[in-house]
Structure formats: C-alpha cells, structure tokens
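Please read the following report alongside the sequence and the coordinates.

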Amino acid sequence: MRYLIAALLLAGGASTATAQQLAPSPTLDAIKARGNLECGVHLGLPGFSFANDKGEWSGIDVDYCRALAAAVLGDASKVKYTPTSVQQRWPILQSGQVDVLSRNSTITFSRNATLGLNFQGINFYEGQTFIVRKSTNAKTAADLDGASVCVAAGSTEEKNAADWFRERNLKVTITNFQKNDDAIAAYDSGRCDAYTAGVGALAGQRVKLKVPGDHVILTQPISNDPQGPVTRWGDERWQLIVRWVLNGMIAAEALGVTSANVDEMKANSKNSEVRRLLGAEGGFGAMMGLPDDWMYKAIKQVGNYGESFERTVGMGSALKMERGQNQLWSKGGLLFTPPFQ
C-alpha cells in the first residue's frame, strides 16, 4: 500500500493520497459543532491582543485568530477570546480549554520538547530589550549594571536577562511578578530601574505608562525570540490548518493579494499559486477538510500579513513599529512561507 501512495504522490496524486492519510480532527469537529473558535490570547497588550472598553479585541495575534475562524467557519467574528497570563497559557492550551494559543509566546526547544505543544510557524520576529527612563541616560543593556529590572515570572525574558547579565559579570537585581501588567506597573511607579520584554511587547506596554514620553526603549536586543501560534500535540489535521492559515496570510502579501483585490485576483489571476491559494484550482481546502475558498475568506475578511501588521503594530497603529525583521524576505526581512503547490 505504501508503494501505491508513493506512486500517486510522484504521479501528481498528492491531494488524494495526503487526504487519505490524515485522520479526522476532533478539534475541527468540536469547533464546527460549537460554532466558534476558542483562542487563547494575552491579558491585554496593545498591538498584539487587547480589548477596548466595549470588549472588542484587536491586535496582530487577534487578527490571526480571526483569519483562522474565517478559514474554518467562514466568519472571522466567530471567535471566543480567553485572556491568559504567562503562567496560565500552557495549562489552558494543554487542557483543551482553547483550540489554539495566539499570544506573543516565544518558540523554544524546551517548550516544544516537554510541554506537549507544537509551534506552528512564526508570525512575529521578536527581540528582547529594556525600557528605561530617559533620565537614566542608559543607551545599552550593559549600562544597567547595578540596576533593578522588573520582569514577568516564568517568561523567557526572565531567564534571558539573568543569563545575559551573568555571562558578562554584570550585577542586576531581577524582580519578577506573576503578571506582565504588575511588572510594568511596578516599573512605572519607580520600584525598578528598567522593565524587560520583547521590543514589540515594550512598544505595547509603553503606551499604557503614565507619561509614555518619559521612557525610551533600548535598541540593542539581547536575544532572538520568534513567536507564533501554538497547538497541542496530536490532531495533525488541526495542526496543518493552523500552520497553513498563517502561511496563507504571508503568501498572500508576497503574491500581492489583499483584502481589497482578492475578488479580482480569484477571478482573473493567471498565477497558479494565487489560484491555488484562493481556491480557484487545486482543491487544497478539501485536503484539510475545509472549503476550497478557506484562504479567500480569511484574506477577504482579515487581510494579508502586511495589512494586519500595519494596522496593529505598524505605522497605521499607535505603536508605529517599523517592519524590520518582520518584512518579507524579498524586501530584506525574514518572513517567508513554503509554496502553495
């Protein structure tokens, strides 16, 4: 039998063979039965996942949840958001309380190997640094020798900071807090000289400080912390969907497909990869148990990766972040996706 499957793959029968090998997805079945996606997000980080006074969520991680809901259910609004702390996020995902975690969480070896979790790609290239008061005149992390640093307990940032200063024989006092909000509040009140997190998270936290203009984010990163959506081990079909919705948002930007032109591109594009992405040919949705227009709906309702970045953390947002490493590889960044073939 395996020789027959291999022959089919080589002969162009990949869609049939692959679909036959994938087991049914209990996660996908549960989502369809309840009529909404359960998405774990941050407790409240502007630009990434943040609820306004009306309870309306926005952010780059929220946009991913919305795109996933559009692909699976045909409606980007069919998402229930579960705010999670640093300590809660893994147990909430492991227990099945949420279907996916989309919460600025760093991909690490130990998390992948020991928590029963899989990271399904990178939606934000992050780098850890520090926010300090302008009055300190600190320019680099080394200038914090002898300082006190606030950080969220159990985060990669806590360990990174301790390792970085120890390896350079620099002395700092690291004070951890159970919640990011508690750590940033302690820094804002003067209990610490600095607060450390990823540069994107710091940009989001700075807008919540009493006087944002009194603080500066150091430009020197002390780590590379790629982040992306997370699923539980098992249920390979669901992992496939989660991974390729993210890939689809990135591919759409690379292929020039936007929420504004997606209808025209689906109807008239001669590019085979665009047509496969949008369900005009190839039957890619059926391979995962979804309608063939799964990514068409996601792009139409949410947009491509670039659109999402600009309105949530980029120049169209309050954070005003440059694309930097999160630019497409063809434009000098690190962002790319495997082909839709």
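## The chain as a whole

What percentage of the 341 residues of the protein chain count as buried? The share is 53%, a value that, like every other one in this report, is computed from a predicted model. The secondary structure of the chain comprises 14 helices and 14 strands, and the C-alpha trace extends over about 65 × 40 × 40 Å along its principal axes.

Where contacts between residues at least 6 apart in sequence are considered, 71% of them join residues that are at least 24 apart. The accessible surface of the protein chain amounts to about 14,900 Å², and 53% of that surface belongs to carbon and sulfur atoms.

## Strand β9 and its partners

Strand β9, which covers residues 148-152, has 5 of its 5 residues buried, so the strand is largely enclosed by the rest of the structure. In a regular strand, side chains alternate between the two faces of the sheet. In β9, S148, C150 and A152 point one way while V149 and V151 point the other way, and all of these residues are buried.

Two pairings of β9 can be described. With strand β10 (residues 173-177), β9 runs parallel and is joined by 5 bridges, and within this pairing A152 stands opposite F177. With β11, the sense is again parallel, over 2 bridges, and here the bridge partner of C150 is Y195.

Strand β11 (residues 194-198) is mostly covered, with 5 of its 5 residues buried. Besides its parallel pairing with β9, β11 is joined by 5 bridges to strand β8 (residues 128-133), and these two strands run antiparallel; in that arrangement, A194 of β11 has V132 opposite to it.

Helix α8 spans residues 180-188, and its buried residues are N180, A183, I184, A186, Y187 and D188. In the loop between α8 and β11 lies S189, which counts as partly exposed because its relative accessibility is 46%. The C-alpha atom of S189 is separated by 9.4 Å from that of L209, although the two residues are 20 apart along the chain. Just after α8, G190 adopts a positive phi of about 95°.

## Helix α13 and its cover

Which residues of helix α13 (residues 294-301) are buried? They are W294, M295, Y296, A298 and I299. The elements that cover these buried residues include four helices, namely α4 (60-73), α10 (236-254), α11 (262-268) and α12 (272-278). Just after α13, G303 has a positive phi of about 105°.

D235 has a positive phi of about 55° although it is not a glycine. This residue, D235, is placed in the loop between β14 (230-232) and α10. Is D235 buried or exposed? With a relative accessible area of 16%, which is under the 20% cut-off, D235 is buried.

K320 is likewise a residue other than glycine with a positive phi, in this case near 55°. K320 lies in the segment after α14 (305-312), and its relative accessible area of 47% makes K320 partly exposed.

T82 is located in strand β4, which covers residues 79-84. Its relative accessibility is 10%, and T82 therefore counts as buried. Which residues does T82 contact, leaving aside its neighbours within four places in sequence? The contacts are with E38, C39, G40 and V41, and also with I92, Q97 and V98.

Technical notes:
Residues are numbered from 1 along each chain as its sequence is written. This is a predicted model: local features need pLDDT of at least 70, side-chain atom pairs count only at pLDDT 80 or more; totals for chains, interfaces and linings use all residues. Side-chain values use heavy atoms; hydrogens and water are left out. Buried means under 20% relative accessible area, exposed over 50%, partly exposed in between (1.4 Å probe, protein chains only). Contact means heavy atoms within 4.5 Å. Accessible areas come from the Shrake-Rupley method with a 1.4 Å probe; for residues, only the protein chains shown count as cover. Two strands pair if DSSP finds at least two bridges between them.
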